[in-house]
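Dear colleague,

I am passing this structure on to you, and below it you will find notes on what came out of a first look. Please read them with the structure open beside you.

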Amino acid sequence: MLAQYVFTSSNAPFRIVRHGHRWRALFGDVETGRFENPEDAIRDLRQLFPEARLPRRLTDWRYLPDAALLHVPPPSPAVVARLAAA
């Protein structure tokens with residue numbers, strides 16, 4: 001999972017996702033633009049979807065940090081025992 005900011009509305013989630021050195025603004029799974037910083041993405045989303053009443057401040061969005069190793073399963077008991085013995 002990539003670092004992202006999320007705001008859930010009644011229609012679909014709004015997300016601002018880090019994509020390399022830029023940020024992607026999404027409404028559901030539809031990309032609305034790419035930006036240099038997340039604040040610009042918020043401004044764009046607020047202009048495109050005024051009825052959604054999106055928060056102005058980034059701190060009011062839920063932040064989900066990078067979780068690059070989330071897909072790796074936990075170590076087996078044998079591996080844990082070997083590490084403990086080392």
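**Aromatic pairs and the core**

Phe27 is partly exposed, with a relative accessible area of 22%. Please keep in mind throughout that this is a predicted model. The ring partner of Phe27 is Phe14, and Phe14, at 1% relative accessibility, counts as buried.

The structure holds six aromatic pairs. Phe14 belongs to strand 2 (residues 13-19) and Phe27 to strand 3 (residues 22-27), so the pair ties together parts that are 13 residues apart in sequence. Elsewhere, ring pairs join Tyr5, Trp23 and Tyr63 into a cluster.

The largest nonpolar core has 14 residues, and those that touch the most other members are Tyr5, Phe14, Ile16, Leu45, Leu54 and Trp61. At least two residues of this core come from each of strand 2, strand 3 and helix 1, and helix 1 gives the most, with three residues. As a general background, nonpolar side chains in soluble globular proteins tend to be buried together. If neighbours within four places in sequence are left aside, the contacts of Phe14 include Tyr5, Leu45, Leu54 and Trp61, and among the others are Val6, Leu26, Phe49 and Ala52.

**Salt bridges**

The count of salt bridges comes to seven. In one of them Arg22 is joined to Glu36, with the closest N and O atoms 3.2 Å apart; Arg22 lies in strand 3 and Glu36 in the loop between strand 4 (30-35) and helix 1, so this pair ties together parts that are 14 residues apart in sequence. Both ends are partly exposed, Arg22 with a relative accessible area of 29% and Glu36 at 48% relative accessibility.

Arg34 is partly exposed at 40% relative accessibility, and Glu31 is partly exposed with a relative accessible area of 32%.

Within helix 1, Asp40 forms a salt bridge with Arg43, where the closest N and O atoms are 2.3 Å apart, and the two residues, being three residues apart in that helix, are separated by about one helical turn. Asp40 is partly exposed, with a relative accessible area of 26%, and Arg43 is partly exposed as well, with 49%.

**Two further residues**

Asp44 is found in helix 1 (residues 38-48), and although Asp44 is buried, this residue has no salt bridge, the nearest side chain of opposite charge being that of Arg43, 9.1 Å away. Not counting residues up to four places away in sequence, Asp44 touches Thr32 and Phe35.

Ser10 has its place in the loop between strand 1 (4-8) and strand 2, and counts as exposed at 75% relative accessibility. The C-alpha atoms of Ser10 and Ala52 are separated by 8.4 Å, while the two residues are 42 residues apart along the chain.

With best regards

Notes. Residues are numbered from 1 along each chain as its sequence is written. This is a predicted model: local features need pLDDT of at least 70, side-chain atom pairs count only at pLDDT 80 or more; totals for chains, interfaces and linings use all residues. Side-chain values use heavy atoms; hydrogens and water are left out. Helices (H or I, at least four residues) and strands (E, at least two) are DSSP runs, numbered from the N terminus. Buried means under 20% relative accessible area, exposed over 50%, partly exposed in between (1.4 Å probe, protein chains only). Lys and Arg count as positive and Asp and Glu as negative; His and the chain ends are not counted. A salt bridge is a side-chain nitrogen of Lys or Arg within 4 Å of a carboxyl oxygen of Asp or Glu. Contact means heavy atoms within 4.5 Å. Rings of Phe, Tyr and Trp (its six-membered ring) pair if their centres lie within 6.5 Å; planes under 30 degrees apart count as stacked, over 60 as edge-to-face and the rest as tilted. A nonpolar core is a set of buried Ala, Val, Leu, Ile, Met, Phe, Trp, Tyr and Cys residues joined through side-chain atoms within 4.5 Å.
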